[in-house]
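Hi,

Here is the structure I said I would pass on. Have a look at it first, and then read my notes below.

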Amino acid sequence: MTDAKPLCEPCSTRNIESIAIQYCQDCDEQFCEVCTASHKTQKATKGHAIVDIKLAQFNTPKRNASGYCLTCDDPEPLCPPCAEQHTAMKLTRDHKLSFDIANFILSYKSKEEPTADAVCSDDQRTCESCAYHQKSVNAAYYCKECDEFMCDACYLQHKAMKNFSMHDMVDVNSMSSSVEILKNKETEAETKTSSDEEDEDYNIETLSQASSSSYDRCKTRQIDMGMPACEPCSRENNTVNASYFCEECDENLCEECYNFHQVEPEKPTAYSCWVMACNWTVCGVCDSLEITKPSDVWCSECDEGLYTECGKHHAVSKASRSHSTIPIAEYKQLPTDILKIVHTCSKHNEKFQTYCKKHDCPCCHRCVIETHNGCIDITAIDDIIKDVKSSNTLYDIELMIEEVAENLEKITKFQKDNVISLNDQRTWIDNKIKQTRIKINCHLDQIQEELLEKLNTIEERERKKIENLLTSLEEKKTEMNEFKTTLSNVKQHASDLQVFLTIKQMENRVIVEGRLLETLANSDSLKQISLSLKDDDIFQKISNLKSIGQIEVAIGPNEAMITRMKGKQAQLELVSKSPRLIEDIQLNLKRTVKTGLENTKGCLILPDDSLVLSCRSNNVVRFFSSQEKKDFEITISPRNVIDVAFIPEENTIVTTSGGDDKHCINIIDIKDRTIIREVRVNSSYYGVVYNDSKLITCAKDEGLNILKNGNCEVVEEIKIKEMTIFSYITAFEDKLYYTNRQHHTVTCCDMKGTNLWTFKKTSILSYPQGVTVDNYGNVYVTTSCNVIVISSDGKRVLELLKKRWTTSPLCIKL
């Protein structure tokens, strides 16, 4: 460096001349006092090593060694200042030095003369090595192995020594309140001798009396002296004692924050992320300096808001000049879930640098070493996210979102129309019920009227009979009274002859009347006549009538035509499911179904977990319920049923009949359990798959035929030479996979028939037949002796099942 005073580099970028007093070793940049304070408080650079500018000027000179340590296992030459420093540090105070350097021959690195940093920040603890020499210098670092605080100069000396170069050094600016340090010192104080206890008491007293302003502020927030404050609560300007310390997060926690921390062990920074998201309105740099200023811009890479002036420094600093910022007004429009996404590792508090496709997660460099050391598909995260906003995948997702929204609109409209139609139908049925009730009432009224009329008629008829009888009886009674009066007069006043003749006349009449009375008494005329109603318990029958009709629900076809999403799934290249390694695939036996079939050529697993098998020997398609019991079966004509495919929109099964003179495709309605269509075709079809509203079949000696769903008309032919019998096909996204039994191959092509890859390895792939594919593009194939899986790129293969059957496996489905 020249004799001219160094200038602050960020200020020079803004054409401002400021004298540099500090130097950042990580950024290789000089700062003035203002830029130093800003550099220390920014999230992206607060952990950088900042030293006095004078120390930065002594990086090159060398000093002659004058001695070495006799006690160290791996001694190195020491200059006088380093020898003095060696005897000042805790671990090496009792070491013996030798100044016979002539006997010590060893190449050595450059060393620096220790110089106390007079302008070290007030918020650092006291350097213990300097305190041993009765010098008061603020500490800048802490060595975990040595359990010692050091200033900048002692830190450089410490790192330069071979025995201490690998020690874990922590910047005190990034340290939380040292709960762990105090605990270690208390433990050592209980176990050491009284002389050691006095030495440790001195160190603890040094810690408690340190001149760090931030540490003093932390003490004033504590309820109990010596206890640290909860850091999450402190960030919310709340004063709560810390009861726990998280080693992974290096953070002090109160009881409440500890409980929250325990709830989400996989997300140890969920709380801090939320606090950060809530504090986006405050400048993070100013907040670290206990100054409250509103944030004007947001840096996504630093995960903090910046005031205008802080944003200017952020824009010119080497470490952050490449960061992109957005106005805070635009940032706050992002959803809360997006605001919670951070750019740093929650476990190591380091920036994400790579992305593991196997585990679908971003990683910092320590994550790669600790957790993803065995992962082979790790890519720099900058390469992954490059041009992501203009990528085809983002466009596809936007298109799919539009399609989903359009389908939702269609379904919503259809369902709303259905609600209206249901209301209309309810009104119609309500009127129908009321009309039926009126008709029933009218019918009952008519029955009532007819019955009452009949009652009146019968009553009047019977009443007249009785009245006529009564009239006749009255006449007889009058006549008898007259006979009685006449007989009395004749007896008193008539002669005997007159009496005799009168008696004879009356005798005949009385005898006749008496006989008439006897005849009348023996007839039904004198019997009691009564009326009654014979209803045959009709009222009880009506009371037992529960309903005069049934309300039924009919399920009609779906009239909302759903737009298919081009067979794609939302699989963003950087955040999609990474290709599943075939080496990770393991098969576990879940269940065994006794089919009672031989020579099964096709199989399906329906959405309700039921099983469909096609049997060539029995020429049937047999359905099994999810409980593994036979449900029903359909006999296929003509013979030689081969493969089956499921059409979800129609809830039907399609079958092919290869190898027969009468080539045919049958369509079975699962609900009605009948063949609803039988379509004659000109080709011998074997394998069949349903994809994107089309049937794709393997046609012997022709290739792949694409059929229109419904009438099975061939709409496109993909010519493939030597397409053999018993070739099967499956589809995934925009790719087709088919087997060739004679050539022992499995081929992947696009929808136009362009060959993408062909796998052939007769040692493991012999007479392939059934084929299926998983959601990762891995292809599963049945052969004459095993079941194998081929990677999505067609380059790797794994044998999943070796032959253990009396016959070869013929079909497979996922």
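Let's start with a strand pair: Val-644 stands opposite Thr-655 in E23. Strands here are DSSP runs (E, at least two residues), helices are too (H or I, at least four), and both are numbered from the N terminus. E22 and strand E23 (residues 652-656) run antiparallel and are joined by 4 bridges; two strands pair if DSSP finds at least two bridges between them. They belong to an open sheet of 4 strands, in the order E22-E23-E24-E25, with antiparallel pairing. At its edges sit strand E22 (644-647) and strand E25 (674-680), each pairing on one side only.

Before you go further, this is a predicted model, with local features needing pLDDT of at least 70 and side-chain atom pairs counted only at pLDDT 80 or more, while totals for chains, interfaces and linings use all residues. Residues are numbered from 1 along each chain as its sequence is written, and side-chain values use heavy atoms, with hydrogens and water left out.

Next, Thr-739, which is in strand E31 (residues 735-740). Is Thr-739 buried or exposed? Its relative accessibility is 0%, so Thr-739 counts as buried (buried is under 20% relative accessible area, exposed over 50%, partly exposed in between, with a 1.4 Å probe and protein chains only). A polar atom of the Thr-739 side chain lies 2.9 Å from the backbone oxygen of Gln-769. Leaving aside neighbours within four places in sequence, Thr-739 is in contact (heavy atoms within 4.5 Å) with residues including Phe-726, Tyr-728, Val-746, Pro-768 and Val-781.

Val-781 leads on to the largest nonpolar core, which has 18 residues; Val-781 is among those with the most contacts inside it, as are Tyr-737, Val-746 and Trp-757. A nonpolar core here is a set of buried Ala, Val, Leu, Ile, Met, Phe, Trp, Tyr and Cys residues joined through side-chain atoms within 4.5 Å. Among the elements that give two or more residues to this core are strand E32 (745-750), strand E33 (755-759) and strand E36 (786-790). There is also a second, separate core of 16 residues, which includes Ala-49, Ala-140, Cys-154 and Met-169. Not counting residues up to four places away in sequence, Val-781 touches Leu-765, Gly-770, Ile-788 and Ile-790, among others.

Last one: Glu-459 lies in helix H19 (residues 392-493). Glu-459 counts as partly exposed because its relative accessibility is 35%.

Cheers

Methods: A polar contact is a pair of N or O atoms within 3.5 Å; within protein, one must be able to donate a hydrogen and the other to accept it, and residues adjacent in sequence count only if both atoms are side-chain atoms.
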